[in-house]
Amino acid sequence: MNPKLKILWSSVTPTIESGYGRVSREVVSRLVRRGYDIIYHGYQTMGKMHTIDGEIKMLDCGGPEYGMNVLEKYFNHYNRDIVITLYRSEERRVGKECRSR
């Protein structure tokens with residue numbers, strides 16, 4: 001059996017009740033159950049790494065270098081094979097990823 005991909009998923013925090021949050025939570029949960037090693041970068045998430053639903057490993061939004069600006073750092077630090085993002089285009093462009101900061 002081939003090893004599964006190690007994925008860094010980046011999108012709206014999956015506990016946010018939005019379309020992006022719901023889609024991300026469903027997709028990531030299903031991939032984790034199929035054995036994929038996923039770490040989730042939620043751009044409204046604060047604090048230390050923790051889990052949601054006992055299966056989704058969550059990262060902090062990144063502090064002062066939040067949002068899309070920390071993806072490369074997290075990708076390398078956690079030795080990921082691929083990054084998957086689910087964003088609205090204006091959030092990528094304007095950089096409003098961590099709105100509570």
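Me: Which residues are linked in a network of salt bridges?
Reply: In this predicted model, Asp37, Lys57 and Arg80 are linked in such a network.

Me: How many salt bridges does a search of the whole structure find?
Reply: The search finds five salt bridges. Side chains of opposite charge can pair when their charged atoms come close.

Me: Why is the contact between Glu26 and Arg30 called a salt bridge?
Reply: The closest N and O atoms of Glu26 and Arg30 are 2.9 Å apart. The definition asks for a side-chain nitrogen of Lys or Arg within 4 Å of a carboxyl oxygen of Asp or Glu, so the pair of Glu26 and Arg30 qualifies.

Me: What separates Glu26 and Arg30 in helix α1?
Reply: About one helical turn separates Glu26 and Arg30, because they are four residues apart in helix α1, which spans residues 19-33.

Me: Why is Glu26 called partly exposed?
Reply: Its relative accessibility is 42%. Buried means under 20% and exposed means over 50%, so Glu26 falls in between and counts as partly exposed.

Me: What makes the pair of Glu55 and Arg33 a salt bridge?
Reply: The closest N and O atoms of Glu55 and Arg33 are 3.2 Å apart, and the cut-off is 4 Å. The pair therefore meets the definition.

Me: Which parts does the pair of Glu55 and Arg33 tie together?
Reply: Glu55 lies in the loop between β3 (50-52) and β4 (56-59), whereas Arg33 lies in helix α1, so the pair ties together parts that are 22 residues apart in sequence.

Me: How do you know whether Arg33 is buried or exposed?
Reply: Arg33 has a relative accessible area of 59%. Exposed means over 50%, so Arg33 is exposed.

Me: What makes Glu17 and Arg22 a salt bridge?
Reply: Their side chains meet at 3.4 Å, N to O. Glu17 counts as exposed at 62% relative accessibility, while Arg22 is partly exposed at 45%.

Me: How many aromatic pairs does the count come to?
Reply: The count comes to one aromatic pair. Tyr74 and Tyr78 form this pair, with 6.1 Å centre to centre and 55° between the planes.

Me: Why is the pair of Tyr74 and Tyr78 called tilted?
Reply: Planes under 30 degrees apart count as stacked and those over 60 as edge-to-face, so the 55° of Tyr74 and Tyr78 makes the pair tilted.

Me: Why is Tyr74 called buried?
Reply: Tyr74 has a relative accessible area of 10%. Buried means under 20%, so Tyr74 is buried, whereas Tyr78, at 26%, is partly exposed.

Definitions and conventions: Residues are numbered from 1 along each chain as its sequence is written. This is a predicted model: local features need pLDDT of at least 70, side-chain atom pairs count only at pLDDT 80 or more; totals for chains, interfaces and linings use all residues. Side-chain values use heavy atoms; hydrogens and water are left out. Rings of Phe, Tyr and Trp (its six-membered ring) pair if their centres lie within 6.5 Å; planes under 30 degrees apart count as stacked, over 60 as edge-to-face and the rest as tilted. Buried means under 20% relative accessible area, exposed over 50%, partly exposed in between (1.4 Å probe, protein chains only). Helices (H or I, at least four residues) and strands (E, at least two) are DSSP runs, numbered from the N terminus.
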